[in-house]
Amino acid sequence: MITILVVDDDKNTRLFMKALLEAEGYCVILAGNGQEALDKFDNNRIDLMIVDIMMPNIDGYELTDLVRKSYSELPILMVSAKQETVDRKKGYLVGIDDYMSKPVDEEELLLKIQALLRRAKIMSDRQIHVSDVTLDYDSLTVSRPGEEITLPLKEFQLLFKLLSYPGKIFTRIQLMDDIWGYDSDTGWETVTVHIGRLRKRFENWDEFSIESVRGLGYKAVKHDV
């Protein structure tokens, strides 16, 4: 079960988050301040952290900075009543992955969490194998005996995502959220362009293919060779 740490000094906010997230099947751990949150990491495996800014002693910025130094891939969502651009920028500079202003829209919050967890899944699995083909996240290479291709980052992430779930259909919007980010200004047409490039690069590779599913999106298919 995915465990989410909610850090907020407001009791009502903590209880609201707990009820909302547990209804979606998440395990929720609560902390009322930064130090309490740091203590939770000692005895729990945390998959995502939701953090407020304004807290006594260790505020949300400092907490994010401290956590990021030890858990470089942990998804961090900052949720705060502060709505100025400067507050968002400071959050991103210390290491958050996304930002929401209070009061939060419940549906948007859940969508952001899903997107952050999908991107974290991509980052946690550094290498996958498809028949004799190996995708290596650290080198951005796709290789098979006697041949190796180094891909641009976004192309690699897109192919890695699809081949991590062979046969699963992803919409363009899902792929945009996972690879380019929920708040990206890039249009979904970018996905189509990158899919076209990948198909061209690997048109002679019989181990896998990327198929269009009319009206839905794309899926990767593994082939026995």
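The model is predicted: local features need pLDDT of at least 70, side-chain atom pairs count only at pLDDT 80 or more, and totals for chains, interfaces and linings use all residues. Residues are numbered from 1 along each chain as its sequence is written, and side-chain values use heavy atoms, with hydrogens and water left out.

**Overall build**

- The chain has 8 helices and 11 strands. Helices (H or I, at least four residues) and strands (E, at least two) are DSSP runs, numbered from the N terminus.
- Along the principal axes, the C-alpha atoms fill a box of roughly 60 × 35 × 35 Å.
- Of the 225 residues in the chain, 48% are buried. Buried means under 20% relative accessible area, exposed means over 50%, and partly exposed lies in between (1.4 Å probe, protein chains only).
- Take contacts between residues at least 6 apart in sequence: 54% of them join residues at least 24 apart. A contact is a pair with heavy atoms within 4.5 Å.

**Nonpolar cores**

- A nonpolar core is a set of buried Ala, Val, Leu, Ile, Met, Phe, Trp, Tyr and Cys residues joined through side-chain atoms within 4.5 Å.
- The largest one has 29 residues, and L135, V142, L159 and F202 touch the most other members.
- Several elements each supply at least two residues of this core, among them strand 6 (127–130), strand 7 (133–136), helix 7 (172–180) and helix 8 (189–201). Helix 6 gives the most, with 6 residues.
- L135 touches R126, Q127, I128, T141, V142, F156, L159, F160 and L163, not counting residues up to four places away in sequence.
- In soluble globular proteins, nonpolar side chains tend to be buried together.

**Cavity**

- The count is 1 cavity of 30 Å³ or more. On a 1 Å grid over the protein atoms alone, a cavity is a set of points where a 1.4 Å probe fits but cannot get out, and lining residues have an atom within 4 Å of a point.
- The largest cavity holds about 40 Å³ of space. Grid points are joined across faces, edges and corners, and the volume is the space filled by probe spheres set on the points.
- Its lining consists of V6, V7, D8, T13, M17, I50, V51, D52 and V79.
- Strand 1 (3–7), helix 1 (11–23) and strand 3 (48–51) give two or more residues each to this lining.

**Strand 1: T3**

- T3 sits in strand 1. T3 counts as buried because its relative accessibility is 11%.
- Beyond its neighbours within four places in sequence, T3 contacts C27, I29, R45, I46, D47 and L48.

**Aromatic pairs**

- There are 8 aromatic pairs. Rings of Phe, Tyr and Trp (its six-membered ring) pair if their centres lie within 6.5 Å; planes under 30 degrees apart count as stacked, over 60 as edge-to-face and the rest as tilted.
- Y137 and F156 pair edge-to-face, at 5.4 Å centre to centre and 85° between the planes. Y137 is in the loop between strand 7 and strand 8 (141–144), while F156 is in helix 6, 19 residues apart. Both Y137 and F156 are buried.
- W205 and F208 form a tilted pair, at 6.5 Å and 55°. W205 is buried at 4% relative accessibility, and F208 is buried with a relative accessible area of 4%.
- Y137, F156 and F160 form one aromatic cluster.

How values were computed
1 Å grid on protein atoms, 1.4 Å probe; cavity = no way out; pocket = protein on both sides within 12 Å on 5 of 7 lines; lining within 4 Å.
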